[in-house]
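Visitor: I'm new to this one and would like a hand reading it. Could you show me the model and take me through a few features?

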Amino acid sequence: MKTQLEEQQIQLDKSEKTVEKIREKTLLEQFGRNTQCVYYGIVDDKNENNEKLVKYGNSNNLQQRVDQHKKTYTNFRLVNAFKVENKLYIENSIKNDEELIPYKRSIEIKNTFCIKNYMVLYLLTNLLETL
């Protein structure tokens, strides 16, 4: 019985990863170069409190930005993106939103060359309950 449950969980995990890949591919196809957008995705990196985090930002080239995040963060998955007229205004509105500020988090990412501190991440678990 335990083996069956483990196998079902493995199949469920594979299905979820497939759905994530399809969602990301579909989104990237909709956002060509020079298309202003804001986006968010999930990363497997955790902060010092072991919290699940969301990465968000803005871009004129979503494919390039996602590729960059996949190199920077552990297992970055694009969840959604939105076409906007003023990407900086939208991102700054998110950063300064009174309801979101308590969920703002930072993490340190270490690589071969340096340690960088990233601030534009939000606590996933409690944030979803709030929204």
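Guide: Let's begin with accessibility: a residue is buried under 20% relative accessible area, exposed over 50%, and partly exposed in between, using a 1.4 Å probe and protein chains only. With a relative accessible area of 35%, D44 is therefore partly exposed. This is a predicted model, where local features need pLDDT of at least 70 and side-chain atom pairs count only at pLDDT 80 or more, while totals for chains, interfaces and linings use all residues. Residues are numbered from 1 along each chain as its sequence is written, and side-chain values use heavy atoms, with hydrogens and water left out.

Visitor: How many salt bridges does the count come to?

Guide: A salt bridge is a side-chain nitrogen of Lys or Arg within 4 Å of a carboxyl oxygen of Asp or Glu. By this rule there are 5. One of them joins R77 to D44, with the closest N and O atoms 2.7 Å apart. That pair links distant parts of the chain, since R77 sits in strand 3 and D44 in strand 1, 33 residues apart. Helices (H or I, at least four residues) and strands (E, at least two) are DSSP runs, numbered from the N terminus.

Visitor: Is R77 buried or exposed?

Guide: R77 has a relative accessible area of 14%, so we call it buried. R77 also belongs to a network of salt bridges with E20 and D44.

Visitor: Which side chain does K70 meet in a salt bridge?

Guide: The side chain of E24, at 3.1 Å from N to O. K70 is in helix 2 and E24 in helix 1, so the pair ties together parts 46 residues apart in sequence. K70 counts as partly exposed at 38% relative accessibility, whereas E24 counts as buried at 11%. Another salt bridge runs between R105 and E51, whose closest N and O atoms are 2.8 Å apart. R105 lies in strand 4 (residues 104-110) and E51 in the loop between strand 1 and strand 2 (52-59), so parts 54 residues apart in sequence are tied together. Both R105 and E51 are buried.

Visitor: Which residues have the most contacts inside the largest nonpolar core?

Guide: A nonpolar core is a set of buried Ala, Val, Leu, Ile, Met, Phe, Trp, Tyr and Cys residues joined through side-chain atoms within 4.5 Å. The largest has 15 residues, and those with the most contacts inside it are F31, Y39, L62, V66, Y73, F76 and L78. Helix 1, strand 1, helix 2, strand 3 and strand 4 each give two or more residues to this core. Strand 1 gives the largest share, 3 residues.

Visitor: What is a positive phi telling me?

Guide: Most residues other than glycine have a negative phi. N34 is not a glycine, yet has a positive phi of about 60°. N34 is in the loop between helix 1 and strand 1 (37-46), and counts as exposed at 70% relative accessibility. N75, also not a glycine, has a positive phi of about 55°. N75 is in the loop between helix 2 (62-72) and strand 3 (77-83), and counts as partly exposed at 41% relative accessibility.
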